[in-house]
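Hello,

Here is the structure I promised to pass on to you. Have a look at it first, and then read my notes below.

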Amino acid sequence: MVIVPDFSFVVDESTSGTRIGIPKGETALLNKINEIIDEVTASGIYDEWYEKYTEYAKTLGL
């Protein structure tokens with residue numbers, strides 16, 4: 001482990017929570033994740049979750 005003084009990541013709030021890290025070369029895993037994302041998006045489940053948890057976040061003051 002290496003510790004670099006005065007280093008920090010800059011978080012872009014507009015993309016926060018929209019990334020998935022996958023090791024290089026894991027194409028089978030990448031393809032499966034993309035397949036699931038496509039299914040959830042096409043079926044409308046994503047929109048349902050987004051609405052539900054946006055409202056929930058508001059109740060938490062987020």
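**Salt bridges on the helices**

Lysine 32 has a relative accessible area of 44%, so it counts as partly exposed. Please keep in mind that this is a predicted model.

Which residue does lysine 32 pair with in a salt bridge? The partner is glutamate 35, and the closest N and O atoms of the two are 3.3 Å apart. Both sit in helix α1 (residues 27-43), and because they are three residues apart, about one helical turn separates them. Glutamate 35 is partly exposed too, as its relative accessibility is 37%.

How many salt bridges does the structure hold? There are two. The other one to look at joins glutamate 55 to lysine 58, with 3.4 Å between the closest N and O atoms. These two residues also lie three apart, about one turn of the helix, but in helix α2. Glutamate 55 is partly exposed at 45% relative accessibility. Lysine 58, at 53%, counts as exposed, because the cut-off for exposed is over 50%.

**The largest pocket**

Rolling a probe the size of a water molecule over the atoms shows where empty space is left. In this model, the largest pocket has about 350 Å³ of space. Its lining includes Ser16, Gly17 and Thr18, along with Tyr46, Trp49, Tyr50 and Tyr53. Thr54, Ala57 and Leu62 line the pocket as well. What classes of residue make up this lining? Six are nonpolar and four are polar, while none is charged.

**A nonpolar patch**

Ile45, Trp49, Tyr53, Tyr56, Leu60 and Leu62 form a nonpolar patch on the surface. Together they have about 690 Å² of accessible area. You will find tryptophan 49 in helix α2 (residues 45-59). Its relative accessibility is 47%, so tryptophan 49 counts as partly exposed.

**One backbone angle to check**

Most residues other than glycine have a negative phi. Aspartate 6 is not a glycine, yet its phi is positive, at about 60 degrees. Look for aspartate 6 in the segment before α1. Is aspartate 6 buried or exposed? With a relative accessible area of 85%, aspartate 6 is exposed.

Enjoy exploring!

Best wishes

Conventions:
Residues numbered from 1 in each chain as written. Predicted model: local features only at pLDDT ≥ 70, side-chain atom pairs only at ≥ 80, totals over all residues. Heavy atoms only, no water. 1 Å grid on protein atoms, 1.4 Å probe; cavity = no way out; pocket = protein on both sides within 12 Å on 5 of 7 lines; lining within 4 Å. Points joined across faces, edges and corners; volume = space filled by probe spheres on them. Nonpolar A, V, L, I, M, F, W, Y, C, P; charged D, E, K, R; others polar. Patch = residues over 30% accessible without salt bridge, like charges linked within 9 Å, V, L, I, M, F, W, Y side chains within 5 Å. Areas by Shrake-Rupley, 256 points an atom, 1.4 Å probe, with all protein chains shown as cover. Salt bridge = Lys/Arg side-chain N within 4 Å of Asp/Glu carboxyl O. Helix = DSSP H or I, 4+ residues; strand = E, 2+ residues; numbered from the N terminus. Buried < 20%, exposed > 50% of the residue type's maximum accessible area, 1.4 Å probe, protein only.
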